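Please work through the following exercises with the sequence and the structure at hand. Each task is followed by a solution in steps.

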Amino acid sequence: MNIRNKIQLYVSSSVTLLAGAVLFFIYQLFANYREEEFQQRQKERITTTLRFITEIEKADNELIETLDQLTIHQLYDEKLLIFNKNKELIYTSIDDTPIPYPERILQQLSAEQTWVEQKDGKYDVIGIYIEKDKKAYYGISKAYDRFGYSKLNYLRNVLISAFFVIIAVLLATTYWIARSITRPLTAITQQVAAYSIGQSAPEQSALPGNDEIAILANKFALLMQRTNEAFLFQKHFIHHLSHELKTPISILVSNFERMEKETSPEMLRAMLQEQKENTKVLSEIIDALLAISKSEAGGSLPSVETLRIDELLFDVAEEVKALFSKFLMAVNYAPDSENVLSVRGSKRLLSIVFRNLLYNAAQYSPEQQVGVEIAAADSNRISLTFRNQGAVIAEGEQPFLFRHFFRGANSRGKRGLGLGLVLAHKIITLHGGTISYRIDEAGMNTFQVLLPLS
C-alpha cells in the first residue's frame with residue numbers, strides 16, 4: 001500500500017470513527033433525555049391524580065372515571081395504579097395496558113427508596129412513594145412516549161444521513177489532501193525508479209514552499225545529484241588508473257629504455273630531469289585523486305589548517321620557477337586585500353591547484369609570465385585572478401574545460417593528461433569555493449578562484 005492510500009485510510013478511518021462516536025453520543029444523550037423527561041411527566045401524572053383523589057373525600061366511581069377520561073389523553077397508551085399506605089389499590093386508570101409484576105415494584109418502594117424505574121419493551125414503567133397529608137401513597141405508571149420516540153426516530157435518521165454525508169465529504173477531502181501531500185514524493189519516486197546511477201542527472205526545478213515534503217524532495221534531488229557526481233568521479237578515477245595512467249607510465253618506461261641506450265652525459269642528464277618531473281606530476285595527481293575520493297566518500301579534507309594564501313602562492317611559484325627558468329609571477333594586492341589573506345584548507349591540495357594554474361600559465365604563455373591579483377570578493381570570500389597571454393580557449397570548448405580528460409585545441413603539442421583543471425575544480429569545490437574561466441578585455445586567459453575566508 002502506497003503512502004497516498006495509507007493517508008486516505010488512516011485519516012478516513014480515524015475521522016469516520018470519531019464522527020460515528022460523536023453522532024452516536026448525541027443520539028444516546030437525546031434518548032436518555034427523552035426517557036428522563038417522559039418519566040418526569042409520568043411522575044407529574046401520578047401526583048396530579050393523587051391530589052385530586054385526596055381532595056375529593058367522597059369520590060365515587062363515576063367521578064373517578066370522569067377524572068380518568070379527562071386526563072387519558074395527557075399520556076398515550078398509559079396505565080396508572082395508585083395504592084394507599086397498606087399497598088391496597090385505590091385507583092386504576094381505564095386503559096387496558098397491563099403492568100408487569102406490580103407487586104414486585106411495590107415491594108421495592110419505601111420511605112427510603114422513593115423511586116423505581118424499568119423498561120417493558122418501549123414502555124417506560126416507574127414506581128414512586130409519595131407522602132400526602134402525612135399519609136403514604138404508592139403510584140405505578142406505565143406509558144408509551146409516542147411523541148418522544150417519533151422525535152428520536154427523526155433524529156436518528158438525520159444523524160445517519162449526516163454520517164454518510166460526512167463520509168462522502170471526508171473521502172473527497174482526504175483524497176485531495178493525500179494527493180497534494182504526496183505529489184512531490186510520487187514525482188521524485190518515479191524519477192528515482194527510472195534513473196540509473198551513472199547516467200546524466202535529470203534536471204529538476206526546486207519545489208516551492210518550506211514544508212517538510214518540499215524540503216525532503218529538494219534535498220533528495222540534491223543528494224541524488226551529488227551521489228551521481230561522486231559515482232562518476234569514482235568511475236573516472238578507476239578508469240584513469242586503469243587506462244589513462246597506463247600511457248604516461250608506458251612513456252616513463254620507454255624513456256628509461258632510451259636512457260639505457262643513451263651515451264651522452266648531457267642528454268642523459270636532461271632525460272633524467274624530464275623523468276623526475278613526469279614522475280612527480282603523476283605522484284601528485286594520484287595523491288590528489290585519493291584525497292578527493294576519500295573526501296567525497298564522507299571523509300574530511302586532509303590536514304586542514306589556517307593558511308596565508310599569498311605565502312602559499314609564492315611557495316608554489318618557486319617550484320614552478322625551477323621547471324621554467326624564465327617564469328615570472330607578478331602579484332598585485334588590491335587595497336582591500338590586507339585583512340583577507342587567511343583561509344582554512346588543505347595546504348597540499350591547494351598547492352596542487354596553484355601549481356596547476358601557474359604551470360599552465362608558464363607552459364601556454366610565450367613569455368612564461370603570469371599576473372595574479374588578490375582582492376576581497378566580498379565580506380566572506382577572497383578572490384585570486386590569474387592572467388596570462390597565449391592561445392585562448394575557444395568559446396565552444398569553454399563549457400567542457402573542467403571535465404575529465406578534456407584538452408582544448410590550444411593544448412596540442414603540450415605535455416599533459418587532461419586532469420589538472422578537473423582536479424583544481426574538485427579541490428576548490430571541496431573547499432567551498434568556485435573556479436571559473438573567461439577571456440578578459442585584453443584577450444588574455446583569465447582564471448578566477450573564490451575561496452571562503454577563515
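The exercises below concern a predicted model and proceed from the whole chain to single residues.

**Exercise 1. The whole protein**

Task: Determine how many helices and strands the protein has, and what percentage of its residues count as buried.

Solution. 
Step 1. The secondary structure consists of ten helices and twelve strands.
Step 2. The protein has 454 residues, and 37% of them count as buried.

**Exercise 2. Confidence in the model**

Task: State the mean pLDDT of the protein, and identify where the pLDDT is below 50 over a stretch of residues.

Solution. 
Step 1. The mean pLDDT is 79, and 79% of the residues reach 70 or more.
Step 2. Over residues 404-417 the pLDDT is below 50. In the model this stretch has 42 contacts beyond near neighbours in sequence.
Step 3. Where pLDDT is low, predicted coordinates should not be read in detail.

**Exercise 3. A mixed sheet and its helices**

Task: Describe the open sheet with mixed pairing, and state which helices pack on the sheet.

Solution. 
Step 1. This sheet has five strands in the order S7-S9-S10-S12-S11.
Step 2. Strands S7 (328-333) and S11 (434-439) stand at the edges, each with a single partner strand, so one side of each lacks a neighbour in the sheet.
Step 3. Neighbouring strands are turned by 20 degrees against each other on average, direction ignored.
Step 4. The parallel sense is found between S7 and strand S9 (residues 369-376), which pair over six bridges. Val331 stands opposite Val372 in S9.
Step 5. Helix H8 (residues 309-323) packs on the sheet and touches S7, S9, strand S10 (381-388) and strand S12 (445-452). The direction of H8 makes about 170 degrees with that of S7.
Step 6. Helix H9 also packs on the sheet, touching S7, S9, S10, S11 and S12, and its direction makes about 25 degrees with that of S10.
Step 7. The antiparallel pairs include S10 and S12, joined by eight bridges, with Thr385 opposite Gln448 in S12.
Step 8. S11 and S12 pair in the antiparallel sense over six bridges; here Tyr437 has Phe447 in S12 as its bridge partner. Five residues lie between the strands of this hairpin, where Gly443 takes a positive phi near 75 degrees.

**Exercise 4. Enclosed elements**

Task: Explain why H9 and S12 are described as largely enclosed by the rest of the structure.

Solution. 
Step 1. H9 (residues 347-364) has 18 residues and reaches 25 Å from its first C-alpha to its last, close to the expected 26 Å.
Step 2. Of these 18 residues, 15 are buried, so H9 is largely enclosed by the rest of the structure.
Step 3. In S12, six of the eight residues are buried, so this strand is likewise largely enclosed by the rest of the structure.
Step 4. Helix H10 (residues 420-430) also has buried residues, among them Leu421, Leu423 and Lys426. Just after H10, Gly432 takes a positive phi of about 80 degrees.

**Exercise 5. The surroundings of Arg438**

Task: Determine which residues Arg438 touches, leaving aside those up to four places away in sequence.

Solution. 
Step 1. Arg438 is located in strand S11.
Step 2. The relative accessible area of Arg438 is 36%, so this residue is partly exposed.
Step 3. The residues touched by Arg438 are Arg387, Met444, Asn445, Thr446 and Gln448.
Step 4. Arg387 is 51 residues from Arg438 along the chain, and their C-alpha atoms are separated by 9.8 Å.

Note on methods. Residues are numbered from 1 along each chain as its sequence is written. This is a predicted model: local features need pLDDT of at least 70, side-chain atom pairs count only at pLDDT 80 or more; totals for chains, interfaces and linings use all residues. Side-chain values use heavy atoms; hydrogens and water are left out. Helices (H or I, at least four residues) and strands (E, at least two) are DSSP runs, numbered from the N terminus. The expected span of a helix is 1.5 Å times one less than its number of residues. Buried means under 20% relative accessible area, exposed over 50%, partly exposed in between (1.4 Å probe, protein chains only). pLDDT is the predictor's confidence in each residue, from 0 to 100. Contact means heavy atoms within 4.5 Å. Two strands pair if DSSP finds at least two bridges between them. Axes are lines fitted to C-alpha atoms, for helices over the stretch in contact, and angles run from 0 to 180 degrees between N-to-C directions.
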